[in-house]
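Hi everyone, thanks for making time for this. Please have a look at the sequence and the fold while I talk you through a few spots.

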Amino acid sequence: MICVQKKKDSMETSLDIYLTERKALIETHLFACLPPQGTRPANLTEAMRHAVMCGGKRLRPILCLAAAEAAGGSAETALPPACAVELLHTYTLVHDDLPCMDNDVLRRGQPTVHVKYGEAVAVLVGDALQTLAFGVLAQTPETAPGMTARLVTELVSAAGATGVIGGQMEDIATASAPTRAAIDYVFQHKTADLFRVAVRLGAIVAQAPDRDLEKLSVFANGLGLAFQVMDDILDAADSKSGGKPELSCLDVMTETEARAWATQLTRDACGALSGLPGDTAPLSSIATDLLSRVS
């Protein structure tokens, strides 16, 4: 058995309620971080608000709040880093959608930023959201000496050339000739690094000791990798042409092997949560639920 068995509708409803409530809490604070509508330059402000407010599960910031609680802290103290992670994540999506990258025309059922506002605006929106993310992160109350610097350093490491941007670069470079080594690198840095930092920021704000921070890091890393594996499986199933994403684990393994990999990653991730001082049920339930998602 991995994590929390979801055999009863009541348990599913409980998770759904948790995710809905946390999403609402996050969005109240997240939307307040954005420049007010009409702020000059109005076109940039409108496009930023479109990128952030057009939907999404808010999974990464929810994980940040849940990690703070699992480490024995409160969700409310982790709201600034949670919002910072979501702003940074949104910037990566805006840039990923650009014609020079994935050239996507829809994001969460809405026109992508470059389609609605133009390519130049989309580049600037991504830049603006990235810088805003660090500004919001810096507003985290410093409950321990050096906490702000530590939080910023964590997010810089996850987002930069050795993190998400590096993963994106390798995604582009290896898409035409994928290998298992390329898959491992891209999955780690393009996807898992952002899951890991979301959880680590929540734990750091909760002043988790190193041993607990490491447990939560192992959990988040495994969850991020499993999430990307399942994304590849779902993308292949949804493709009308029967093709695969530009870079997919299905290029180097069968779907059965990929599902087994995601299951083992999730099992190991949930096992890492043992012994934490706070409530770990939300984290383990989320991990289990992601294995069975269909969209």
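When I say contact, I mean heavy atoms within 4.5 Å. Before I use that, a word on where this comes from: it is a predicted model, where local features need pLDDT of at least 70, side-chain atom pairs count only at pLDDT 80 or more, and totals for chains, interfaces and linings use all residues. Residues are numbered from 1 along each chain as its sequence is written, and side-chain values use heavy atoms, with hydrogens and water left out.

Let's begin with Arg200. Arg200 sits in helix α9, residues 180–205. Helices (H or I, at least four residues) and strands (E, at least two) are DSSP runs, numbered from the N terminus. Which residues does Arg200 contact, leaving aside neighbours within four places in sequence? They are Glu154, Leu213 and Ser217. Arg200 counts as buried, because its relative accessibility is 11%; buried means under 20% relative accessible area, exposed over 50%, and partly exposed in between, with a 1.4 Å probe and protein chains only.

Now to helix α3, residues 59–70. How many of the 12 residues of α3 are buried? The count is 11, so α3 is mostly covered. Among them are Leu59, Ile62, Leu63 and Ala70, along with Arg60. After α3 comes Gly72, with a positive phi near 95°.

Next, how helices pack. Two packed helices are described by the angle between their axes and the distance between the axes. Here axes are lines fitted to C-alpha atoms, for helices over the stretch in contact, and angles run from 0 to 180 degrees between N-to-C directions.

The axes of α3 and α4 come within 8 Å and cross at roughly 160°. That makes the two roughly antiparallel, since angles over 145 degrees count as such, under 35 as roughly parallel, 65 to 115 as roughly perpendicular and the rest as oblique. On the α3 side, Arg60, Pro61, Cys64 and Leu65 meet α4 residues including Val85, Glu86 and His89. By class, that contact has 7 nonpolar, 1 polar and 2 charged residues. For the classes, Ala, Val, Leu, Ile, Met, Phe, Trp, Tyr, Cys and Pro count as nonpolar, Asp, Glu, Lys and Arg as charged, and the others, Gly among them, as polar.

Helix α4 (residues 79–96) also packs with α6 (residues 119–137), at about 165° and with the axes 8 Å apart. This pair is roughly antiparallel too. Residues making the contact include Leu87, Leu88 and Tyr91 of α4 and Leu129, Leu132 and Phe134 of α6. The classes here come to 17 nonpolar, 4 polar and 1 charged.

Finally, some loops. Thr143, between α6 and α7, touches Val205 and Gln207, not counting residues up to four places away in sequence. Thr143 and Val205 are 62 residues apart in sequence, with C-alpha atoms 7.8 Å apart.

Which peptide bond is cis, with omega near -5°? The one from Arg40 to Pro41, and Pro41 lies in the loop between α1 and α2.

Arg58, in the loop between α2 and α3, has a positive phi of about 60° although it is not a glycine. Arg58 is buried, at 1% relative accessibility. Asn103 is also a non-glycine with positive phi, about 55°, but Asn103 is partly exposed at 44%.
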